[in-house]
Amino acid sequence: MRIPLSWLREYVDLPATETGRDLQEKLVATGLEVETVEQLGAGLKGPLVVGQVLTIEELEGFKKPIRFCTVDVGRANGTGEPQEIVCGARNFAVGDKVVVVLPGAVLPGDFAIAARKTYGKTSHGMICSGDELGMGDDGSGGIIVLPPEHEVGTDAIELLQLVDEVLDIAVTANRGDCLSLRGVAREAAIAYGLPLRDPALLDVPAPNANGYPVRISEPAGCDRFTARTVTGLNPEARSPIWLRRRLQKAGMRPISLAVDITNYVMLELGQPLHAYDRSLVQGAIGVRRAEQGEKFTTLDGAKRVLDAEDLVITDDRGPIGLAGVMGGANTEIADHDADAGTTDVVIEAAHFDPVSIARTARRHKLSSEASKRFERGVDPQAASAAAQRTVDLLVLLAGGTADPGVTEVIAPSAPHTITLPADHPDKVAGVTYGRETVVRRLQQVGCDVYGQDNLTVTVPSWRPDLVEPNDLAEEVIRLEGYENLPSTLPRPPAGRGLTERQRLHRRVGRALAGAGYVEALNYPFISDETLGKLGIEQDDPRRTTVKLVNPLSDEEPALRTTMLPGLLEALRRNDGRGSHDLALFETGLVFRPTGDEPQAVRLPVDRRPTDEEIAGLDAALPRQPRHAAVVLTGAREQAGWWGNGRPADWADAVEAARTIAREAGVELIVRGDQHAPWHPGRCAALFAVVDGAETLVGHAGELHPRVIKALHLPERSCAMEIDLDLVERAGTGALQAPRISTFPVATQDVALVVDASVPAADVEKALREGAGELLESLRLFDVFTGEQLGEGRKSLAYALRFRATDRTLTVDEASAARDAAVALAAERTGAVLRGA
Amino acid sequence: MSAPNKSYDPVEVEALKPEEIERMRDEALAAFAAADSLGALQEAKVAHTGGTSPLSLANREIGALPPQAKAEAGKRVGMARGAVSKALAARQSELEAERDARVLVEEAVDVTLPYDRTPAGARHPLTTLSERIEDVFVAMGYEVAEGPEVEAEWFNFDALNIGPDHPARGMQDTFFVEGPKGRETESNVVLRTHTSPVQVRSMLDREPPVYVICPGRVYRSDELDATHTPVFMQVELLAVDEGLTMSDLKGTLDHMVQALFGEGMKTRLRPNFFPFTEPSAEMDMVCYVCRGESVGNPDRPCRTCSSEGWIELGGCGMVNPKVLTAAGIDPEKYSGFAFGFGIERMLMFRHNVEDMRDMVEGDIRFTRPFGMEI
């Protein structure tokens with residue numbers, strides 16, 4: 001809402017020295033978001049005067065038509081001689097009154113005016129357009145032609161009210177009353193402790209039976225309808241300068257006198273109005289719901305198909321207006337240029353159901369000045385005053401005659417009252433204001449207040465947002481100043497810190513970052529096509545996705561079921577930007593619907609939902625487990641003066657999973673697998689024991705070459721993805737401290753030859769079990785294949801360390817344990833001791 | 001024990017003459033001093049202290065002396081050998097020190113060589129900033145609460161007093177989840193637009209008092225540009241207890257900005273409107289860079305707050321009693337306050353990030369410098 005300061009001063013006697021910025025500060029403190037204060041005419045300096053065009057000489061031979069004019073500016077130029085001015089505009093004629101800026105003047109934008117040679121003539125000033133004067137669009141499309149009554153030589157800065165301040169206020173959804181000068185003036189009056197001259201306090205004649213007939217068949221949608229008639233309007237009458245200027249400053253374009261007046265009254269009082277050309281309205285005006293599919297053309301020329309919920313204004317033929325949103329083309333006021341100008345009008349000032357208007361405006365994507373106000377709440381009591389004000393202005397400015405008939409259809413309603421303890425605002429604020437202050441503040445906003453310890457508060461008709469005791473508390477607290485609230489701290493019960501799960505999530509992030517991975521937070525939006533490129537089959541659960549009705553991009557309408565699309569995209573982007581050695585990680589939710597989720601039920605809000613109802617809502621949601629994933633490419637270790645580097649490979653990906661598992665105190669079981677999007681020969685399935693059962697928790701390895709090609713990834717890129725929720729559940733709780741033996745260690749190395757297809761993990765498991773409890777640690781230190789072993793065989797070399805807790809082991813004891821280990825490995829995996 | 005040799009004449013034993021012993025000693029000392037390497041010293045050591053060295057041979061001769069002469073000769077030879085051995089040890093350590101100094105010099109390396117064998121990793125600054133904020137409140141006794149990102153509309157809207165006709169439910173802000181075929185728009189499930197549904201779930205899960213901090217990812221259907229992202233991180237706070245006031249809210253906010261931006265920081269509340277709080281306020285914090293001193297001071301403009309003196313943080317207020325009712329908490333007995341703000345904006349002004357896209361694109365050049373903590 002744009003509020004010209006000069007206009008506002010009509011209703012509140014603000015101190016003359018008070019600037020727009022001063023007012024801004026006060027209004028912001030009491031709750032109006034004044035975003036900017038525009039300084040109109042800043043830097044503007046005269047002489048800027050009314051002139052009359054005496055002669056026009058068309059100059060030939062230039063690329064565009066140019067006029068050389070003489071203009072009478074009276075004594076403003078000091079000589080009284082006609083002023084010679086070159087002008088490129090054409091929308092004026094000899095005898096027209098125009099605005100002339102003379103040499104020595106400065107126009108907005110630091111535009112200094114001097115006599116200058118142009119088009120072979122000397123131009124002593126300029127004939128001005130609205131734009132050049134910083135007035136905004138006046139619809140003239142050229143220079144300003146003034147009404148003839150203004151005298152030559154008159155100061156145009158004053159005449160056109162070019163210097164002003166305009167406050168731009170972002171009005172919140174609850175404060176429809178502040179979409180008017182009246183509402184903002186009330187706030188200003190309260191902020192300064194000054195009286196308000198309420199423009200809605202007008203003498204209004206009592207309703208009678210002679211007014212234009214109105215029939216409301218939908219009182220739920222329209223609880224008030226005032227109709228007034230003005231006849232004998234002069235269709236030639238134009239809006240006076242003051243009216244046009246106020247509309248312009250408030251951000252509206254002057255159109256025609258009748259329309260300008262309704263807009264002016266709406267800005268002043270907040271009541272949207274509509275003027276119908278009476279000669280085009282047939283029969284009584286009605287208010288009803290539209291018929292489903294009914295067709296109607298609004299003022300903007302759009303043909304609309306109506307919904308049965310839309311509220312319409314009708315005459316005998318059908319709809320003539322989309323109630324509270326926009327009038328119809330069929331009863332539009334004709335402006336003065338038309339062949340048959342409008343002479344008789346019917347004024348509508350009505351009050352409509354905010355919800356109904358909001359739905360209609362949204363349904364038809366048609367937000368108008370009227371609908372904006374009705375949605376946020378309009379003072380129903382202001383309707384008759386607004387109609388009266390409109391009538392008065394039409395009579396005054398268009399020479400019309402007010403018809404004595406006054407129609408008012410009003411559905412009975414009681415004013416809204418709220419009861420609250422007088423100290424309720426104190427309790428909400430944590431400040432002792434006292435009853436007196438509370439009552440005074442509530443009265444200032446227009447409430448009637450009765451009672452002592454318990455207050456009965458009748459809220460004013462212009463504040464439909466005041467419904468609950470807390471709404472009234474807010475009024476008191478904001479007017480007493482939010483800035484005066486003290487700073488106190490509550491005392492929450494002693495806390496327990498982060499949960500185990502939250503600690504784990506942080507540890508996982510730190511551990512991966514410590515291992516050289518950089519976290520990337522990717523959007524979870526994916527396309528089905530990408531899942532296809534990852535080689536994930538149609539029947540894979542990862543292909544069942546949550547889809548959005550209104551995705552950001554139609555290309556990516558689904559939510560991720562795996563972290564990899566986003567991470568791989570980040571990998572590709574980094575690679576494209578010249579970073580080729582990459583290790584990225586992300587943790588976050590993936591969305592795994594079954595596809596059979598029921599619809600979420602609409603639950604009431606006036607009570608706590610039952611546990612069953614909550615469970616019902618939760619059942620409508622997809623499973624949303626937290627995953628962690630890494631992707632790698634390029635060098636894991638850089639080459640440098642210390643020697644060679646090492647490329648990232650499948651083993652790094654598997655190790656990233658182990659890094660995560662270690663943080664959770666979980667030992668991963670790793671097995672070979674074939675699983676998209678991984679290389680079938682370089683893919684590890686990761687298992688953990690969850691709730692007593694070995695459970696698949698993730699995969700790691702090198703990506704499938706086809707996937708790398710399809711997604712344009714660097715060769716040999718690797719990836720790992722793991723379900724953190726499952727890993728967390730596999731955790732075994734507090735670690736049991738190991739017993740540290742100080743007896744000497746006995747080391748035994750063994751090399752075992754097995755079939756190449758035997759997983760090292762199986763051999764290791766057998767060795768550990770066979771070695772028994774004397775085994776302290778075991779490490780695979782070499783894998784060897786070669787001709788001497790034979791085709792399809794490999795040798796695994798292990799270092800076994802034995803130690804007892806209570807004695808020094810003898811060589812025989814250590815050897816016996818080793819032999820037992822080898823024996824079990826032989827039995828389980830066919831391992832043969834090398835060289836044996 | 002053999003009988004003493006009575007016919008012994010010390011004068012006749014040349015090697016035991018005092019001058020002779022002195023000469024041997026001096027020769028040894030000279031040889032040690034002349035040895036310029038540990039090898040040469042070793043040779044001199046063999047020559048002058050070895051079994052066949054003159055002093056050793058002389059020592060052997062003592063046994064042949066008559067008893068009366070033994071003591072004197074023994075003493076003389078012993079003293080000489082002592083001096084020789086001492087000189088040897090001194091020279092030995094001298095030469096070793098010289099050798100060590102030389103070897104250490106030879107072993108010197110260029111310690112300015114760079115070492116980026118395994119480049120460092122890093123956590124995303126949004127993650128670490130969120131954790132830092134969480135920690136401020138965890139230290140005060142709050143719990144960290146989390147919830148689903150795909151959420152039922154009832155939790156995201158209805159329970160928060162955002163009725164079916166509230167503009168925030170319109171298509172312009174919210175991502176709606178598709179329902180089954182034929183009823184695509186009727187799932188009543190959305191991508192949460194704030195972490196407030198976690199507040200509702202927290203109230204349903206717990207008996208009051210409730211003190212929770214709700215960080216997490218939220219979604220609004222804005223296009224990505226330098227100052228907007230459709231997916232962003234929020235931190236919200238909810239406190240529900242007996243007798244909580246707006247002053248408590250103010251104090252909690254003040255405490256937060258002091259913990260995050262240093263002593264002397266404060267917040268400002270400006271009246272505003274949100275359906276889920278009443279009274280409601282917009283919260284600003286004093287610009288932590290200029291502390292408000294750039295206001296009206298064109299000589300010292302402040303980039304961080306555009307010389308406004310205040311930085312907008314987010315929204316807050318007293319929990320609307322209707323929200324408490326929907327969550328099963330008696331608004332007659334309990335009151336609450338809540339606030340919420342986006343982490344991206346805070347990261348932008350706290351670390352001078354100019355373009356929000358840098359936070360979402362995962363470029364390692366942006367993230368790596370932030371390290372493990374923020």
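**View 1. An open sheet of 3 strands in chain A, ordered E1-E13-E2, with antiparallel pairing.** In this predicted model, local features need pLDDT of at least 70 and side-chain atom pairs count only at pLDDT 80 or more, while totals for chains, interfaces and linings use all residues. Residues are numbered from 1 along each chain as its sequence is written, chains are lettered from A in the order in which they are written, and side-chain values use heavy atoms, without hydrogens and water. Helices (H or I, at least four residues) and strands (E, at least two) are DSSP runs, numbered from the N terminus. Two strands pair if DSSP finds at least two bridges between them. Strand E1 (2-4) and strand E2 (33-40) of chain A are the edge strands, each pairing on one side only. Neighbouring strands are turned by 25° against each other on average, direction ignored; axes are lines fitted to C-alpha atoms, for helices over the stretch in contact, and angles run from 0 to 180 degrees between N-to-C directions. E1(A) and strand E13 (residues 164-170) of chain A are joined by 3 bridges, and Ile3(A) stands opposite Leu167(A).

View 2. Strand E23 (residues 345-352) of chain A runs antiparallel to E15(A) and is joined to it by 8 bridges. Phe225(A) has Ala350(A) as its bridge partner in E23(A). With strand E24 (residues 401-410) of chain A, also antiparallel, E15(A) has 7 bridges; here Arg224(A) stands opposite Ile410(A).

**View 3. A salt bridge within chain A, between Arg289(A) and Glu218(A).** A salt bridge is a side-chain nitrogen of Lys or Arg within 4 Å of a carboxyl oxygen of Asp or Glu. The closest N and O atoms of this pair are 3.3 Å apart. Arg289(A) lies in strand E17 (residues 285-289) and Glu218(A) in the loop between strand E14 (214-216) and E15 of chain A, 71 residues apart. Arg289(A) is partly exposed at 24% relative accessibility, whereas Glu218(A) is buried at 19%.

**View 4. A salt bridge between chains, joining Arg577(A) and Asp363(B).** The N to O distance is 2.9 Å. Arg577(A) sits in the loop between helix H15 (564-576) and strand E31 (582-589) of chain A, and Asp363(B) in the loop between helix H11 (357-360) and helix H12 (364-367) of chain B. Asp363(B) is buried, with a relative accessible area of 6%, while Arg577(A) is partly exposed at 36%.

How values were computed: Buried means under 20% relative accessible area, exposed over 50%, partly exposed in between (1.4 Å probe, protein chains only).
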